[in-house]
Structure formats: C-alpha cells, structure tokens
Amino acid sequence: MVSCALLWSLLVISLSGTLAQNAGQLSFDLEVRDNQPNSNLKMYHAHAAFRGVLFGALTRLANSNPDFNFTSSEHIDYGAYLESVNGLFGSFQDHTYWELLVQTANGIIRSSVGISCYIPQANEVVILNFTTW
Ligand SMILES: *[C@@H]1O[C@H](CO)[C@@H](O)[C@H](O)[C@H]1NC(C)=O
Ligand SMILES: *[C@@H]1O[C@H](CO)[C@@H](O)[C@H](O)[C@H]1NC(C)=O
C-alpha cells in the first residue's frame with residue numbers, strides 16, 4: 001500500500017499537469033461492457049501516464065471524450081471506487097457493480113486492485129464490466 005500511496009501522490013501531481021508532460025504517456029484500449037439489453041460494448045482509446053494509475057487515464061478520457069464519463073467515491077482503504085460509467089450506476093440494492101477486468105494473453109482476468117491502484121500497460125485491453133455480486 002506504500003507504493004499505492006506513492007502512486008497516488010504522483011497521480012495528484014500528474015493531474016495538475018506537470019508530470020504528465022515529462023513522463024510521457026502510453027496508450028491502451030478501454031472496453032466498457034454495460035451488459036444492458038440493446039446495448040453494444042464500447043471501445044475507447046485511452047492514455048495513461050508512464051507508471052500512472054487507471055484513475056488518471058479514466059479522468060483524462062472523460063475530459064477529452066464526451067462519449068465517456070464515470071463517477072467514483074473515495075474509500076480510505078481501497079482508494080477510488082467506481083460508482084458509475086456512462087451514467088449507469090452500480091447498486092447495493094440490485095447487487096450490481098462495475099468490475100475491473102484485464103484481457104491478457106491467457107484470457108480475461110479480474111484485477112485484484114481498484115482503479116486508483118491498477119497501472120495500465122501499453123496496448124493492453126482494460127475492461128469495465130457491469131456485473132452482479
Ligand atoms: C454520461 O454518459 C451517459 C451515456 O452517454 C449520458 O447519458 C450522461 O448524460 C453522461 N453524464 C454526464 C454527466 O455527462
Ligand atoms: C461480465 O459481466 C457479465 C454480466 O454479469 C458476466 O456474465 C460475465 O461473465 C462478465 N465477464 C467476465 C469476463 O467476467
């Protein structure tokens with residue numbers, strides 16, 4: 001968690017605009033699967049700072065692409081918790097939430113960390129999957 005705290009402070013700096021320019025960016029694909037009837041999955045081209053966390057990339061994407069938005073809440077132990085993507089909210093009552101998945105050479109895996117700790121790798125596919133628990 002120390003490294004995550006460090007990354008968090010780096011992220012704050014990078015969002016303020018200074019580090020992002022110096023550190024360079026890598027690109028990856030973000031796939032949003034809302035799993036709603038009559039809805040297709042959406043693909044976005046996203047950019048993360050070098051060794052930057054997903055939260056930064058999602059924020060950058062939301063700021064530059066009107067077709068993507070998200071909201072999150074702050075959790076003291078786990079960092080940012082993804083509450084909604086493109087206006088669709090997870091619901092405690094309905095047992096729904098957005099899970100973070102990553103497409104790897106060995107198939108799709110579930111990330112063990114949240115959006116403020118996950119570090120996207122160049123050219124990978126990160127999936128936000130609306131699902132139930
Ligand atoms: C977020 O995206 C959804 C789906 O495109 C849209 O209906 C909603 O108005 C957007 N919300 C904001 C705050 O932009
Ligand atoms: C994504 O969510 C859907 C709907 O809950 C579920 O059926 C599917 O298994 C999930 N995908 C993965 C790769 O876990």
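Mentor: Ligand 2 is surrounded by Asn35, Glu99, Leu101, Ile108, Asn129, Phe130 and Thr131; a residue counts as near a molecule or strand if one of its heavy atoms lies within 4 Å of it. This is a predicted model: local features need pLDDT of at least 70, side-chain atom pairs count only at pLDDT 80 or more, and totals for chains, interfaces and linings use all residues. Residues are numbered from 1 along each chain as its sequence is written, chains are lettered from A and ligands numbered from 1 in the order in which they are written, and side-chain values use heavy atoms, with hydrogens and water left out.

A side-chain N or O atom of Thr131 is 2.6 Å from an oxygen atom of ligand 2. For Asn35 the distance from such an atom to a ligand oxygen is 3.3 Å. For Glu99 the distance is 3.4 Å. On its own, ligand 2 exposes 360 Å², and the protein buries 54% of that. These accessible areas come from the Shrake-Rupley method with a 1.4 Å probe; for residues, only the protein chains shown count as cover.

Now the elements behind that shell. Strand 8 gives the most, with three residues. Strand 6 and strand 8 each supply at least two. Helices (H or I, at least four residues) and strands (E, at least two) are DSSP runs, numbered from the N terminus.

Strand 6 and strand 8 also pair with each other, antiparallel, over eight bridges. Two strands pair if DSSP finds at least two bridges between them. Thr96 stands opposite Thr132 in strand 8. On to strand 7: four bridges join strand 7 to strand 6 (residues 96-104), and the two run antiparallel. They form a hairpin with two residues between them. Gln103 stands opposite Ile108 in strand 7, and Ile108 is also one of the residues around ligand 2.

Five strands form an open sheet in the order 2-1-8-6-7, with mixed pairing. Strand 2 (42-49) and strand 7 (107-110) stand at the edges with a single partner strand each, so one side of each is left without a neighbour in the sheet. From one strand to the next, the twist averages 35°.

Helix 3 (residues 54-64) lies across strand 1 (25-33), strand 2, strand 6 and strand 8 (125-132), and runs at about 120° to strand 2. Contact here means heavy atoms within 4.5 Å. Axes are lines fitted to C-alpha atoms, for helices over the stretch in contact, and angles run from 0 to 180 degrees between N-to-C directions.

Helix 3 also lies across strand 3 and strand 4, at about 150° to strand 3. Those two strands belong to an open sheet of three strands, in the order 3-4-5, with antiparallel pairing. Strand 3 and strand 5 (88-89) are its edge strands, each pairing on one side only. Six bridges join strand 3 to strand 4 (residues 79-85). Ser72 has Leu82 in strand 4 as its bridge partner.

The whole structure holds five aromatic pairs. Rings of Phe, Tyr and Trp (its six-membered ring) pair if their centres lie within 6.5 Å; planes under 30 degrees apart count as stacked, over 60 as edge-to-face and the rest as tilted. The rings of Phe55 and Phe70 have centres 5.8 Å apart and planes at 85°, so this pair is edge-to-face. Phe55 lies in helix 3 and Phe70 in strand 3 (residues 70-75), so the pair ties together parts that are 15 residues apart in sequence.

Technical notes: Polar contact = N/O pair within 3.5 Å; in protein donor to acceptor, adjacent residues only side chain to side chain.
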